[in-house]
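This briefing concerns local packing in one protein model.

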Amino acid sequence: MVTTGGSVAAVDLGATSGRVVVGHVDADGVRMEQVARFPNGPVTRTEDGRDSLHWDVDELERQVLDGLRVAFGRHPGVASIGIDSWAVDYGLLRDGRLLGPPVHYRDDRHERGVGIVHDRIGAAELYARNGLQHLPFNTLFQLAADPARGRADRALLIPDLFGSRLTGVEAAERTNASTTGLLNATTRDWDPTLLAAASLPSGFLAPLRDPGDRLGPLLPSVAAAVGTGTGRHAAHVTLVGSHDTASAVVAVPATDDDVAYISSGTWSLVGVELDAPVLMEAARAANCTNEGGVDGRVRFLKNVSGLWLLSESVRTWERDGSTIDLEALLAAAAAVATPVPVFDPADASFTPPGDMPARIAAWCADHGLRAPVGRAEVVRSILESLAAAYADTLRTISAVTGKDVRQVHVVGGGSQNRLLCQLTADRTGLPVLAGPVEATALGNVLVQARAVGLAGLGGASLEALRAVVARTVEPVRYSPRPGHPAHRPTTRQRTSA
């Protein structure tokens, strides 16, 4: 059924915050209305004599239902709900009941799983099957190290867990499944060899479904809780690109083929879109990843540490009793005239929560560099390091794929960071187009709109959806500045040369 317009709700769960957004779609484009926003982050529990990091999914569910209640209260005609979140983390269930709060990907217990898996399958064969960048918190490694795994009969990734709680239907959406390390990059099905490497029985993972599929109607109890009807015209959950980056890439406002994207937030996902995975040894050596996109596309990218470095630094300063004005701090960082150190943001020391300025200073000391002095220099050092990492990554991706990148689109929260966008243009030597900010929610909305046939989008191509974004959002353009040489080598490269 094709309609002239209507509304859908996007539940967008990020690693530091969540939101519920209503997307109003018509022939003129999309209007986004945020109806709820709430914090998210790790909670610490003591288990077996050690502190471990977890997600409070019960609190997240309460916030999601509250947000949906507002959405349906304002817009009773909301036709569909789509859910996306961060990748890799999961809940363990037995007989449909969650065994405990999901473990956070930054918990260090996962590192034990790397050795367990690699004792059973070599790194080269692993990459040939799943095409994933090596990260010690990939779901494959997490499950191999999880002591609670033996008590469970099902694992659901975070957005699938919430979809199940809303509808009672258990499914695994493919874009997020592709981040687990358990999906075969070529067949796009669960890989029995990889399941065996993590000692997972058949049926432990839910049946695979694609973005745009209808998951199911809201459970009667959920419909009552959010104030909407049941029966034939009840709202339902539509599967979207449930890995938040998969949804964000849908909303990159580009129709040309010579673009790269940076989905910039807590993490930075730097990559290009391809029609097929790249599984050659050069891709593995470069630690690139092949993740699933909407409509069977491949997101060929690298995970680069993102604004987590900045947010953790701000949290450290606030713990000392300081009040941080981020805009003023970024302006001071932009005014720093002395050279600052460029460090490796992928270093494992920057992964756990903690005192990031002290860790940056320690990294610099270990590498014979002057540590940044004062908050403005720390911020400038973080942003220069991220921009340098982006440039290195794009150069690597171009070399591996042969793709000639002429423009970079930055989407997500980091697109608002003017200094980071300018430094990215300077370091890459390429024009940077920044926006949309809420790319993930926008991509989520557009996949739903197509699935339910809003504004004539039923059956539309991915390029047609991006054309809607281009009509809706005007990105901010940053050009490389004279005197800032492109592809300047990083400090790490200079010291290792």
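In helix α1, Val 57, Asp 58, Leu 60, Glu 61, Leu 65 and Leu 68 meet Ile 158, Leu 161, Phe 162, Arg 165 and Leu 166 of helix α5, contact meaning heavy atoms within 4.5 Å. The residues of this contact divide into 8 nonpolar, no polar and 3 charged; Ala, Val, Leu, Ile, Met, Phe, Trp, Tyr, Cys and Pro count as nonpolar, Asp, Glu, Lys and Arg as charged, and the others, Gly among them, as polar. The model is predicted, with local features requiring pLDDT of at least 70 and side-chain atom pairs counting only at pLDDT 80 or more, whereas totals for chains, interfaces and linings use all residues. Residues are numbered from 1 along each chain as its sequence is written, and side-chain values use heavy atoms, with hydrogens and water left out.

**Helix α5 and its crossing with α1**

- Helices (H or I, at least four residues) and strands (E, at least two) are DSSP runs, numbered from the N terminus.
- The axes of α1 (residues 57-74) and α5 come within 12 Å and cross at roughly 60°; axes are lines fitted to C-alpha atoms, for helices over the stretch in contact, and angles run from 0 to 180 degrees between N-to-C directions.
- That angle makes α1 oblique to α5, where angles under 35 degrees count as roughly parallel, over 145 as roughly antiparallel, 65 to 115 as roughly perpendicular and the rest as oblique.
- α1 passes α5 in a right-handed crossing (left-handed if the near helix is turned anticlockwise from the far one by less than a right angle, right-handed if clockwise).
- Of the 10 residues of α5, 9 are buried, that is, under 20% relative accessible area, with exposed over 50% and partly exposed in between (1.4 Å probe, protein chains only).
- The buried residues of α5 include Ile 158, Leu 161, Phe 162 and Leu 166.

- An open sheet is formed by 3 strands in the order β8-β7-β9, with antiparallel pairing; two strands pair if DSSP finds at least two bridges between them.
- β8 (97-98) and β9 (154-157) stand at the edges with a single partner strand each, so one side of each is left without a neighbour in the sheet.
- Strand β7 (residues 90-94) is joined to β8 by 2 bridges, and Leu 93 stands opposite Leu 98 in β8.
- α5 (residues 158-167) lies across β7, β8 and β9, running at about 105° to β9.

**Strand β14**

- All 6 of the 6 residues of β14 (residues 259-264) are buried, so this strand is largely enclosed by the rest of the structure.
- Val 259, Tyr 261 and Ser 263 point one way from β14, and Ala 260, Ile 262 and Ser 264 the other way.
- β14 pairs in the parallel sense with β18 (residues 407-411) over 5 bridges, where Ala 260 has Val 408 as its bridge partner.
- β14 pairs in the antiparallel sense with β15 (residues 267-274) over 4 bridges, where Ile 262 has Val 270 as its bridge partner.
- β14 and β15 form a hairpin with 2 residues between them.

**Helices α14 and α15**

- α14 (residues 374-401) and α15 (residues 418-428) pack at an angle of about 40°, with their axes 8 Å apart.
- That makes α14 oblique to α15, and α14 passes α15 in a right-handed crossing.
- By class, their contact has 10 nonpolar, 2 polar and 3 charged residues.
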